[in-house]
Amino acid sequence: MNNAPHPIPKRVRFVELGAKALQALADGDLAGGSAEAGVALDPHFVGDRARRIFGYRAGQLAEDPSAGPWITRAAVSEPDGVVVGDAGFHGPPDEAGMVEVGFTVVPGYRRQGYARAMLTALLARAAAEPGVRTVRARVSSDNTASLATIAGFGFTRVGEQGNERDGLVIVFEVPADAVRTEHPTAPADTAAVPVTL
């Protein structure tokens, strides 16, 4: 019999990163981004890759402010209030009702269950939206942690993509109806998971 304690599932809440916060982060201004977001963001938020992504998202919001409820949020661990990563969708549902999830865990908080908590919250958000038919995730073939994270959520491999910069990326999808069956309503204890993501 294994007497090892079972880890307590992690909980996260999402904090909006509006256009000003995203632009500050894209410019490498951690203090300004944190002030705009209202939470102390981790230096990971101004790393090269993060700056590129946040710059793209700031442009996306400038072009289409209605994308705001769908895109990148800071993920804050509950109840301690520490920013452990960012998560969101790449944008609102497309014409076919597809949304794509994305999440990143700050290096110091990896392998502790935060990616799973973020993905759970993202899927609950997608399931709550009647217009969503499919949830997609693209994962680099060498990202074993993210591959393990999505494995328990019903995703099916539907293809792959590749380029010199990103290497081989595997495309996974799960029907929103399957997510709705698994999560018929957003969990009650996810005051951590605002309806507007």
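**Close-ups of a predicted model**

**View 1. Strand 2 meets strand 3.** Four bridges tie strand 2 to strand 3 (residues 83-89), and the two strands run antiparallel. A quick heads-up: what you're looking at is a predicted model. Strands 2 and 3 make a hairpin, with four residues sitting between them. In the turn of this hairpin, look for G81, which has a positive phi of about 75 degrees.

View 2. Which strand is joined to strand 2 by six bridges? That's strand 1 (residues 11-16), and this pair runs antiparallel. Pick out V12 and you can trace across to its bridge partner in strand 2, S77. Is strand 2 mostly covered or mostly open? Mostly covered: five of the six residues in strand 2 (residues 73-78) are buried.

View 3. Seven strands come together as an open sheet, in the order 1-2-3-4-5-7-6. The pairing in this sheet is mixed. Strand 1 and strand 6 (156-163) are the edges, each pairing on one side only. On average, neighbouring strands in the sheet are turned by 30 degrees against each other, ignoring direction. If you'd rather walk along the sequence, the chain reads β-α-α-α-β-β-β-α-β-α-β-β-α. That pattern holds six helices and seven strands.

**View 4. Helix 1 crossing helix 3.** Two packed helices are described by the angle between their axes and the distance between the axes. Here the axes of helix 1 (residues 19-26) and helix 3 (residues 48-63) come within 8 Å and cross at roughly 145 degrees. The crossing is left-handed. Helix 1 brings A19, L22, Q23, L25 and A26 to the contact, while helix 3 brings R51, F54, G55, R57, A58 and L61. What kinds of residues are these? Seven are nonpolar, two are polar and two are charged.

**View 5. Inside the largest nonpolar core.** In soluble globular proteins, nonpolar side chains tend to be buried together. The largest nonpolar core in this model has 33 residues. The members that touch the most others are F14, M118, L119, L123, V135 and F155. Strand 1, strand 3, strand 4 (98-105), helix 4 (114-127), strand 5 (134-140), strand 7 (167-175) and helix 6 (176-182) each give two or more residues to this core. Which element gives the largest share? Helix 4 does, with ten residues. There's also a second, separate core of 19 residues, with L41, I71, V76 and V83 among them.

**View 6. Helix 4 and its residue L119.** Helix 4 lies across strand 1, strand 2, strand 3, strand 4, strand 5 and strand 7. Helix 4 runs at about 160 degrees to strand 4. Now zoom in on L119. Leaving out residues up to four places away in sequence, L119 touches V101, F103, T149, I150, F153 and F155.

**View 7. E100 and A151, one in and one out.** You'll find E100 in strand 4 and A151 in helix 5 (residues 144-151). Why does E100 count as buried? Its relative accessible area is 9%, and buried means under 20%. A151 counts as exposed because its relative accessible area is 60%, and the cut-off for exposed is over 50%. Leaving out residues up to four places away in sequence, E100 touches G88, F89, H90, R136 and R138. Take R136: E100 and R136 are 36 residues apart in sequence, but their C-alpha atoms are 4.5 Å apart in space. For A151 and F172, the gap is 21 residues in sequence and 9.9 Å from C-alpha to C-alpha.

**View 8. The whole chain.** Let's finish by zooming all the way out. Of the 197 residues in the protein chain, 43% are buried. Among contacts with a separation of 6 or more, 58% are between residues 24 or more positions apart.

Terms used. Residues numbered from 1 in each chain as written. Predicted model: local features only at pLDDT ≥ 70, side-chain atom pairs only at ≥ 80, totals over all residues. Heavy atoms only, no water. Buried < 20%, exposed > 50% of the residue type's maximum accessible area, 1.4 Å probe, protein only. Pairing = 2+ DSSP bridges. Axes fitted to C-alpha atoms, helices over the stretch in contact; angles between N-to-C directions. Left-handed = near helix turned anticlockwise from the far one by under 90°. Contact = heavy atoms within 4.5 Å. Nonpolar A, V, L, I, M, F, W, Y, C, P; charged D, E, K, R; others polar. Core = buried A, V, L, I, M, F, W, Y, C linked by side-chain atoms within 4.5 Å.
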